[in-house]
Amino acid sequence: MVRRRRKMVHSRGTEFAQEEMDFHPGYGGSSAIIKARDRSEKKRGRADVRKKTGVLLLAAVLLTAGCRGSAGEENPESAAPPQQAGSSGEETAYGRLPQQVTLKIPYKIVKESTKLADGDSYEDNPIYRYLEESLNMKISHVWESRDTEGAVTQKINLAIASNDIPDAMMVNPNQLRVLVEKGMIEDLTDVYDRYASDLIKNIHDSTQGASLESARFGGRLMALPNVSIEADSPYLLWVRQDWLAKLGLAPPKTADDIARIARAFIERDPDGNGRADTLGLSGDKYIVLGQKAGLHAFDSVFSANGAFPKAWVRDKDGNVVYGSLTPQTKEVLAKLAGWYKEGIIEKDFPLRGDGGEVVAANRVGIHFGAWWSPWYPHPDSIKNDPKAEWIAVRAPLDADGRFTVRMAPVADQFIVVRKGYKHPEAVMKLLNTFTRLERGEDPNTEQAAAIKEYESRYQIDKHDFYPFNMILDYADAVGRKTELLERVAAGELKKEDMKTDEMRQNYDAVLSDLTHPKKDLTAYSVSRAYLQGGRVLNEGVNGEYSLFTGQTPTMESRWAALDKLENDTFLRIVTGEAPVDSFDSFVKKWKELGGEQITREVTEAVKLK
């Protein structure tokens with residue numbers, strides 16, 4: 001798939017309706033957020049926190065119901081006309097199939113569960129029974145597997161290679177390309193146009209059409225894509241404000257500011273314990289991840305210098321090049337090597353896991369991390385030092401004063417339907433139904449309460465039991481929710497203004513943390529993630545997208561080795577094990593080992609798009 005957009009990524013699109021549900025306690029947002037939250041819960045001995053902090057209102061309706069967006073109710077400026085109950089469009093999107101349909105799919109086990117009710121299974125449980133009865137269909141699993149060491153990907157690759165795929169399945173960009181080339185999947189253009197719900201269409205509209213474009217080949221929609229949350233891409237800089245205040249320092253703006261503050265944190269005893277035990281910047285052994293933000297990697301330092309490693313970009317002459325090979329990337333590696341040599345980057349970062357332990361121990365007071373860092377690792381920091389006050393900063397800025405970041409692909413998962421399957425509309429209806437279910441927008445409150453009680457009793461999350469592990473949300477979900485919670489903090493909105501369970505829970509969390517700061521770490525996490533991380537992102541992000549995602553033919557056999565070469569070289573340069581000029585040898589070797597051919601293939605793909 002080929003895609004490039006250069007734009008200011010703002011977190012609110014007033015032209016799109018409906019409140020988004022992205023990251024909140026109990027909601028199945030991006031996998032990175034869930035992993036961060038789970039780490040924090042485990043470390044605090046609170047593995048059940050997601051159940052305590054809220055489960056979305058479920059729904060089970062047999063025929064038709066209103067598809068209405070809650071953002072339109074909570075934020076009228078962004079409202080779109082609600083769909084009327086019983087309308088023909090809604091009947092088409094959610095109505096029962098005239099005859100029972102069987103759908104055979106592979107099933108990815110998201111989370112092992114041994115606590116279901118007697119007789120229940122991944123294939124027979126309240127979620128499946130709701131979906132099947134609602135739509136008049138039977139869902140059966142051709143196989144069930146955890147994705148340990150890529151097991152699910154391998155099974156799907158084998159099915160594609162043997163030309164024997166199930167009725168529908170989720171695939172990655174490369175698998176989608178192969179399926180299209182082999183003519184193995186249905187054209188879903190007309191299915192989407194006719195059967196997609198207003199909710200689904202509004203979600204894809206929030207990407208300005210880019211998500212659907214990622215699944216188009218020859219102008220035809222060949223798959224149903226997911227939507228990446230824009231806020232999940234940028235690395236923010238998180239800094240101990242209490243340490244800044246003690247040392248009389250202002251928050252950083254530039255890379256040089258970051259180095260100056262890290263140096264001060266090392267040398268000037270910001271924790272006041274009289275010992276030289278504080279460190280500079282934490283780090284990640286991969287140096288740059290080039291995907292959705294995590295913790296401690298240096299992606300933002302690269303992008304501030306106009307360097308975009310692991311992305312396909314254009315050079316000054318307009319040629320397609322791999323961003324890891326550019327002079328700008330070499331310049332940043334030299335800067336990071338200087339920082340490491342001076343101790344500005346803490347020396348042991350290559351040996352650590354995710355770096356969370358040095359933040360938790362309050363030895364580090366400055367680190368790069370996603371907007372959700374208040375979920376992890378900050379609660380552990382506060383537990384060990386209640387005075388810790390973490391703030392988010394858009395830094396480093398580029399030469400023009402913009403916060404420029406590499407954005408993750410707008411879509412990276414796709415639902416496909418086998419060529420010849422007689423009822424592709426069943427798959428669209430299924431996605432419509434469990435998306436509405438996930439978002440708590442189905443009005444059948446009795447069934448909702450029953451399933452909610454089942455979740456609570458057996459300590460499960462319903463989104464772990466959907467036929468496809470695709471949780472759709474608006475691209476600007478975090479920004480919209482942040483705006484509402486800022487109004488809550490300002491006293492402009494009341495709890496009755498919150499129209500969904502999760503927003504009412506977030507309302508409580510914000511007020512709790514404002515009234516009793518850091519007393520309830522779950523409330524702290526919700527409040528600070530939005531009112532620090534989300535607020536800073538709403539100030540504006542200059543997003544750069546890769547020209548190309550997916551794989552070319554040569555990538556299939558060569559990319560793993562090239563990626564390892566890149567990661568090893570970058571780490572060796574930064575830690576001083578190799579001189580900065582070894583970058584030139586790396587570029588030459590990368591091209592010789594297949595990179596030059598890959599660049600030609602990517603260039604052709606970009607031209608074709």
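Hi everyone, let's start with a sheet: three strands form an open sheet in the order S11-S8-S12, and the pairing is antiparallel. Please keep in mind that this is a predicted model. If sheets are new to you, here is the background: strands pair through backbone hydrogen bonds, either parallel or antiparallel.

Which strands sit at the edges here? They are S11, residues 366-369, and S12, residues 390-393, and each of them pairs on one side only. On average, neighbouring strands in this sheet are turned by 30 degrees against each other, ignoring direction.

Let's zoom in on one pairing. Strand S8 covers residues 236-240, and S8 meets S11 in the antiparallel sense over 4 bridges. If you want a pair to click on, take Trp238, whose bridge partner in S11 is His367.

Helix H12, residues 255-267, touches S8 and S11, and the direction of H12 makes about 135 degrees with that of S11. Helix H21, residues 521-538, touches S8 and S12, and here the angle between the directions of H21 and S12 is about 25 degrees.

Now for another sheet. This one is open too, with 3 strands in the order S4-S14-S7 and antiparallel pairing.

S4 pairs with strand S14, residues 414-417, in the antiparallel sense over 4 bridges. Within that pairing, Met170 stands opposite Ile415 in S14.

Helices pack here as well. Helix H7, residues 173-181, touches S4 and S14, with its direction at about 130 degrees to that of S4. Helix H17, residues 424-438, touches S4, S7 and S14, and the direction of H17 makes about 155 degrees with that of S14.

Next, let's look at the empty spaces. The idea is simple: rolling a probe the size of a water molecule over the atoms shows where empty space is left. How many cavities of 30 Å³ or more does the structure hold? The count is 3.

The largest cavity has a volume of about 110 Å³. Its lining has 15 residues, and those nearest the centre are Asp299, Ser300, Ser303, Val405 and Arg406. Two elements give two or more residues to this lining, namely helix H13 (299-304) and strand S13 (404-406). H13 has the largest share, with 4 residues. By class, the lining of this cavity has 8 nonpolar, 5 polar and 2 charged residues.

Which element gives the most? That is H23, with 6 residues. By class, the lining of the second largest pocket has 11 nonpolar, 9 polar and 10 charged residues.

On to the aromatic rings, where the count comes to 16 pairs. One to look at is Tyr122 with Phe465: the ring centres are 5.9 Å apart and the planes are at 25 degrees, so the pair is stacked. Tyr122 is in the loop between strand S2 (101-108) and helix H5 (126-135), and Phe465 is in the loop between helix H18 (445-458) and helix H19 (477-489), so the pair ties together parts that are 343 residues apart in sequence.

Last, the backbone. As a rule, most residues other than glycine have a negative phi, and most peptide bonds are trans. Now watch for some other cases. A cis peptide bond joins Tyr376 and Pro377, with omega about 15 degrees, and Pro377 lies in the loop between S11 and helix H16 (378-384). The bond from Ala395 to Pro396 is cis as well, with omega near 0 degrees, and you will find Pro396 in the loop between S12 and S13.

What about phi of His296, positive or negative? It is positive, near 80 degrees, in a residue other than glycine. His296 sits in the loop between H12 and H13.

Technical notes: Residues are numbered from 1 along each chain as its sequence is written. This is a predicted model: local features need pLDDT of at least 70, side-chain atom pairs count only at pLDDT 80 or more; totals for chains, interfaces and linings use all residues. Side-chain values use heavy atoms; hydrogens and water are left out. On a 1 Å grid over the protein atoms alone, a cavity is a set of points where a 1.4 Å probe fits but cannot get out, and a pocket is an open set with protein on both sides within 12 Å along at least five of seven lines; lining residues have an atom within 4 Å of a point. Grid points are joined across faces, edges and corners, and a volume is the space filled by probe spheres set on the points. Ala, Val, Leu, Ile, Met, Phe, Trp, Tyr, Cys and Pro count as nonpolar, Asp, Glu, Lys and Arg as charged, and the others, Gly among them, as polar. Two strands pair if DSSP finds at least two bridges between them. Axes are lines fitted to C-alpha atoms, for helices over the stretch in contact, and angles run from 0 to 180 degrees between N-to-C directions. Contact means heavy atoms within 4.5 Å. Rings of Phe, Tyr and Trp (its six-membered ring) pair if their centres lie within 6.5 Å; planes under 30 degrees apart count as stacked, over 60 as edge-to-face and the rest as tilted.
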